Amino acid sequence: MKKPRILVVGSLVMDMIFRAKRFVAPGETILGYDFTTASGGKGANQAVQAARLGADVTLVGKIGSDANGQTMTASLREAGVHAKKVIVTDTCASGVSNIQIQTDEHGTQNRILVVPGANHSFLPRDVAFLEEEIVGFDMVVLQLEIPMVINELVARYASAKGVPILLNPAPSDGLSDDLLARLDYIIPNEHEAEDLTGIRPRDERSARAAADALLQRGVKNVIITLGEAGAFYCDGKRSFLCPAISCPRPADPTAAGDSFIGAFSTATCAGMDTADAMTFANQAASISVSRMGAQPSLPALREVNAALAAAGRKTLVY
């Protein structure tokens, strides 16, 4: 298998993580028991995960000229992500998020509030160089924490050069038919799938109905992540549910979806078939859930392969 070249155009966000036994109710003050910070943002998380799994990854993003921006670019470089295309602006601060994590007898849940900051200051001229350079990549990965006009522009550049496009439609937003028709893969969770189609995926039948609605709008391949139920795949000709790989001691689900996408894009570009790539991605996500923080939780290739090999599943070997 070859080491893929992946381009991620997306967000960088500094996460402020609060842990408590329950979520705060409106008008209430409670005491938590832990606080940490960690580099995050959907674009940066997915780029870091792909890089830790052996891909050659470039991130195009935007940060403020502040300490958070410096910390986040250092985290990218430490993971092996090419960060020279991360733009620094003096007009606004780097993106930040507030992550509340509730851990009780029912398990672990999170609530996330993102203030985009510099991520929403992207301008078309910031990505104009990709019109020619995008041809050098095996896949382009996009999310919705940057302006929609930038995603649509990058998708046009990629489709014109025949470069596959994967979109993670999070946080949830409306998508044009033009953008959907350019996508090779769309990977929403069950909430995002419902927002896009009006159909809540609760089982394989309803997941198939939601996937069919997206396929009818032009997407080539649909994967709906279903949390503990796994991930559902459909391309119009075949469909299947790829079971989740359980995490015995969940700590923080914040980056599980980003881990799945970074791992799936890497495995797919490396030549794995879809079912094996989804299993590989489920394993990476399972490991990430066992650790605190977004980027600190994302596993390396040796960890994912070791867990897969122990279960008799296919590993990713370059």
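Residues are numbered from 1 along each chain as its sequence is written. In this predicted model, local features need pLDDT of at least 70 and side-chain atom pairs count only at pLDDT 80 or more, whereas totals for chains, interfaces and linings use all residues; side-chain values use heavy atoms, with hydrogens and water left out.

**Helix packing**

Two packed helices are described by the angle between their axes and the distance between the axes. Helices (H or I, at least four residues) and strands (E, at least two) are DSSP runs, numbered from the N terminus. Axes are lines fitted to C-alpha atoms, for helices over the stretch in contact, and angles run from 0 to 180 degrees between N-to-C directions.

| Helix pair | Angle | Axis separation |
|---|---|---|
| α10 (274–289) and α11 (301–310) | roughly 110° | within 10 Å |
| α1 (42–52) and α9 (256–270) | about 45° | 8 Å |

Angles under 35 degrees count as roughly parallel, over 145 as roughly antiparallel, 65 to 115 as roughly perpendicular and the rest as oblique. α10 and α11 are therefore roughly perpendicular to each other. Their contact (heavy atoms within 4.5 Å) involves Thr279, Phe280, Gln283, Ala284 and Ile287 of α10, together with Leu301, Glu303, Val304, Asn305, Ala307 and Leu308 of α11. By class, the residues of this contact comprise 7 nonpolar, 3 polar and 1 charged, where Ala, Val, Leu, Ile, Met, Phe, Trp, Tyr, Cys and Pro count as nonpolar, Asp, Glu, Lys and Arg as charged, and the others, Gly among them, as polar.

α1 and α9 are oblique to each other. On α1 the contact is made by Lys42, Asn45, Gln46, Gln49 and Ala50, and on α9 by Asp258, Ser259, Ile261, Gly262, Ala263 and Thr266. These residues divide into 3 nonpolar, 6 polar and 2 charged.

**Cysteines**

The whole structure contains 0 disulfides, a disulfide being a pair of cysteine sulfur atoms within 2.5 Å. For Cys247, the closest cysteine sulfur is that of Cys242, at 17 Å, which is too far for a bond. Cys247 is buried at 18% relative accessibility, while Cys92 is partly exposed at 26%; buried means under 20% relative accessible area, exposed over 50%, and partly exposed in between (1.4 Å probe, protein chains only).

**Lys21**

Lys21 belongs to the loop between β2 (13–20) and β3 (34–40). Its relative accessible area is 65%, so Lys21 is exposed. Leaving aside neighbours within four places in sequence, Lys21 is in contact with Tyr33, Gln102, Thr103 and Asp104. A distance of 19 Å separates the C-alpha atoms of Lys21 and Thr37, which are 16 residues apart along the chain.
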